[in-house]
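Visitor: Could you walk me through this structure? I would like to begin with how its strands pair.

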Amino acid sequence: MTPLVTFRDVAKTYPNGVVALRGVSFAIAEGTCHAICGENGAGKSTLMKCLFGLEAPSGGSIEIAGHPIGADHSPRAADAAGIGMVHQHFSLLPSLTVAENLVLGREPTKGPLIDRAAAAAEVRRLAQRFRLAVEPDVRVGRLSVAAQQKVEILKALARDVRLLILDEPTAVLTPQETEELFERLRHLRAEGLTIVFISHKLREVRQLAEHVTVLRDGRVTGDAPITDLDDATIARLVMGRDVRAVHRERRPATGPEVLRVAGLTRGASDAADRLSDITFTLHAGEVLGLAGVEGSGQRGLVGVLTGLLRPERGVAEFLGRDMARMDTAALRALGLGHLPADRYAQGGARTLSLADNAIGDAYRSGALGRWPLLSRKAADRRAAELIRAYDVRATGPRQALGALSGGNAQKLIAAREFAAHPKLLIADQPTRGIDIQAAAFIRARLIELAEQGSAVLLISADLDELLSLSDRVAVMFAGRIAARLENGPDLTPEALGPYMLGLQAAA
Ligand SMILES: Nc1ncnc2c1ncn2[C@@H]1O[C@H](COP(=O)(O)OP(=O)(O)OP(=O)(O)O)[C@@H](O)[C@H]1O
Ligand SMILES: [Mg+2]
């Protein structure tokens, strides 16, 4: 049988001299789910961009169903060949509605106007067909990341694709949402769809894929049926060596109180921002893990704690000072660190250099406006230090953040926030999209910060991570704290499930 896609000696050197692919050869069989694994910067996204026509290979060839792609390959040609791609970073327009995003570029019209009813009907039809529930008329910017992910996938599926490329689709999903998505994907595969699945999570790769290709530093280090390789072997092929898991020794909180939240309440049209009587304290040196299905109020809580949202009732005190009276800049000056879940929208500026991202208060504006006199040299030096300390794969401080691989961009933002030694660190999905080794590194730094006296509020959809790092765990459901639990060997991801789903409460 002819494979659906064949890569032959594909090479890619970016214009800035970075060699991303050094002769990649393997094939993707039709009707299978084919996983691609590899550490941050290994070349996974680059290879898929070549297949999708977003980047031109510098050498080698790619065949789709036996036909070599031409020099004029483009996303339009990929589309015509039946290839859909869900990108690692969202490409939706936040100010448009779900329906507008989905039909963008091929809008149904009624006279000179877009036929909104027809667009909404098409979205409903798609949502039904692929069983990915989305609301057509909501603006995308108001959706949780999980909901945005669904819209991205629907958008790719909307054009009758035969090959669907998913570049880390589950990085932003909860275990339940991931399971649902996998259910849909298995179904689509049974109907003949071929799926390329890029993920750092071996457990998921095993659940979905029958074949795996491992890339390291732009080369294929493994290519085999998934059942031929055990986890340790895949990890070694990914990394070139073994990794060890990080675990925190739990100690009772004895440090002074850093954060006190009492009765925080606010209404909001979006459930993700709604809070109902949230009460907890956080001490220096303590890690409080916040579990919960995404959209259960975490975003509202983080918004209040970072000065972006105001509560209607209740108080939040940071080192004894009322947070409602301070804006983000004042909070940061007092020692607040924030690693946002949406690193690109909130954490960094893609078009700016690593140096600008590493120093500036890029937290909101991403601009250097507040530091007009800052010396370039000092900025470059600072960036170079962070790049070295966090093993960010980059050509240097002047490279644009957007030219880094997804995981490496995140490492840089984490480095900036951690290096400031915040008194309170809000770490929202700190290892999302980061490879196994870098994730272990970030977790070790988080533990180190806590040991040096930072109070850490850890929000993570990765429950294994949450339980391995936290002293205490609070579970959010529907804007409330549904449970407050001491962490210990008896606390498992399964035990958190009923609280996360609102079936049980212990607050
Ligand atoms: N637009 C670009 N310009 C220059 N270099 C780039 C560009 N995009 C990616 N690179 C570089 O190419 C290499 C491979 O990046 P790629 O995004 O393919 O990695 P990846 O395997 O997808 O990693 P991740 O798991 O972090 O997403 C990296 O060294 C990266 O810095
Ligand atoms: Mg990538």
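Guide: Strand β1 (residues 5-13) pairs with β2 in the antiparallel sense, over seven bridges. Two strands pair if DSSP finds at least two bridges between them. Helices (H or I, at least four residues) and strands (E, at least two) are DSSP runs, numbered from the N terminus. This is a predicted model, in which local features need pLDDT of at least 70, side-chain atom pairs count only at pLDDT 80 or more, and totals for chains, interfaces and linings use all residues. Residues are numbered from 1 along each chain as its sequence is written, while chains are lettered from A and ligands numbered from 1 in the order in which they are written.

Visitor: Which residue stands opposite Phe7 in β2?

Guide: Phe26 stands opposite Phe7.

Visitor: And what is the order of the strands in that open sheet?

Guide: The sheet has four strands in the order β2-β1-β4-β5, with antiparallel pairing. Its edge strands, each pairing on one side only, are β2 (19-28) and β5 (67-68). Helix α1 lies across β1, β2 and β4 (59-64), and runs at about 115 degrees to β1. Axes are lines fitted to C-alpha atoms, for helices over the stretch in contact, and angles run from 0 to 180 degrees between N-to-C directions. Two residues are in contact if their C-beta atoms, placed from the backbone, lie within 7 Å.

Visitor: Let us turn to β3. Why is it described as largely enclosed?

Guide: Five of the five residues of strand β3 (residues 33-37) are buried, so the strand is largely enclosed by the rest of the structure. A residue is buried if 20 or more other C-beta atoms lie within 10 Å of its own, exposed if 12 or fewer, and partly exposed in between, with C-beta atoms placed from the backbone.

Visitor: Which way do its residues point from β3?

Guide: Cys33, Ala35 and Cys37 point one way, and His34 and Ile36 point the other way. In a regular strand the side chains alternate between the two faces of the sheet.

Visitor: What does β3 pair with?

Guide: It runs parallel to strand β10 (residues 194-198), joined by four bridges, and His34 stands opposite Val196 there. β3 also pairs in the parallel sense with strand β11 (residues 211-216), over four bridges. In β11, Val212 is the bridge partner of Ala35.

Visitor: New topic: how is the chain divided into domains?

Guide: The protein chain has domain 1 (5-239), domain 2 (255-335 + 420-507) and domain 3 (348-416). These bounds come from an automatic or database domain assignment. The centres of domain 1 and domain 3, taken over C-alpha atoms, are separated by 28 Å. Seven residues from domain 1 and seven residues from domain 3 take part in their contact.

Visitor: Where does ligand 1 lie?

Guide: Ligand 1 lies between domain 1 and domain 3, because both give residues to the shell around it. There are 21 residues surrounding ligand 1, and the closest are Asn40, Ser45, Thr46, Ser405 and Gly407. A residue is near a molecule or strand if its C-beta atom, placed from the backbone, lies within 6 Å of it. Helices α1 (44-52) and α14 (406-419) each supply at least two residues of this shell.

Visitor: How many of the shell residues are nonpolar, polar and charged?

Guide: Six are nonpolar, twelve polar and three charged. Ala, Val, Leu, Ile, Met, Phe, Trp, Tyr, Cys and Pro count as nonpolar, Asp, Glu, Lys and Arg as charged, and the others, Gly among them, as polar.

Visitor: What about the open sheet of six strands?

Guide: Its order is β18-β19-β20-β15-β21-β22, with mixed pairing. The edge strands are β18 (336-339) and β22 (480-486). Strand β15 (residues 287-291) and strand β21 (residues 472-477) pair in the parallel sense over four bridges, and Leu288 stands opposite Arg472 in β21. Helix α15 (residues 436-451) packs on the sheet, touching β15, β19 (424-428) and β20 (455-459). Helix α17 (residues 493-500) packs on the sheet as well, touching β15, β21 and β22.
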